[in-house]
Amino acid sequence: MSNLPAGATAVACDVLDAASVRAAVDGAAQVVLAVGFAYDSRLWRTVWPKAMTNLIAACAETGARIVFVDNLYQLGPQNQPRREDMP
């Protein structure tokens, strides 16, 4: 992941497994959650609550800050990289 800023590390984990999330969060000051599940409301009803519960618990235990990267549908079609100041 060469696009990460200096000092940032990508860590993979199974967000549906609390121990995996806790291990990934260990030692982090900030956690950026950028996960996607299949676009299926039946699946989302079970996986999102579990994933968020696991992440919130791990960050609460370690004191890490959570940054949640939600979907980007609201930005509409773009022809350049996303930025915070985009309309």
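Which residue's side chain meets that of Arg42 in a salt bridge? In this predicted model, the partner is Asp40, and the N to O distance between the two side chains is 3.1 Å.

## The Arg42 and Asp40 pair

The two partners in this pair can be described by how much of each is accessible. Arg42 is exposed, with a relative accessible area of 62%, whereas Asp40 is partly exposed, at a relative accessible area of 24%. Asp40 is therefore not counted as buried, since its 24% falls outside the range that defines buried residues, which is under 20%.

## A network around Arg22

A search of the whole structure finds three salt bridges, and some of them share partners, so that Arg22, Asp26 and Glu61 are joined into one network.

Arg22 is partly exposed, with a relative accessible area of 27%, while Asp26 is exposed, with a relative accessible area of 53%. Glu61 is likewise exposed, and its relative accessible area is 56%.

## The largest pocket

How much space lies in the largest pocket? The computed volume is about 780 Å³, and 26 residues line this pocket, of which Thr9, Ala10, Val11, Val31 and Val32 are the closest to its centre.

Two secondary structure elements, helix H1 (18–25) and strand E1 (30–33), each supply at least two residues of the lining. The largest share comes from E1, which provides four residues.

Sorted by class, the residues that line the largest pocket comprise 21 nonpolar, four polar and one charged. Among the residues closest to the centre of the pocket are Ala10, Val11, Val31 and Val32, and these belong to the nonpolar class because Ala and Val count as nonpolar. Thr9, which is also one of the residues closest to the centre, falls in the polar class.

Note on methods: Residues are numbered from 1 along each chain as its sequence is written. This is a predicted model: local features need pLDDT of at least 70, side-chain atom pairs count only at pLDDT 80 or more; totals for chains, interfaces and linings use all residues. Side-chain values use heavy atoms; hydrogens and water are left out. On a 1 Å grid over the protein atoms alone, a cavity is a set of points where a 1.4 Å probe fits but cannot get out, and a pocket is an open set with protein on both sides within 12 Å along at least five of seven lines; lining residues have an atom within 4 Å of a point. Grid points are joined across faces, edges and corners, and a volume is the space filled by probe spheres set on the points. A salt bridge is a side-chain nitrogen of Lys or Arg within 4 Å of a carboxyl oxygen of Asp or Glu. Buried means under 20% relative accessible area, exposed over 50%, partly exposed in between (1.4 Å probe, protein chains only).
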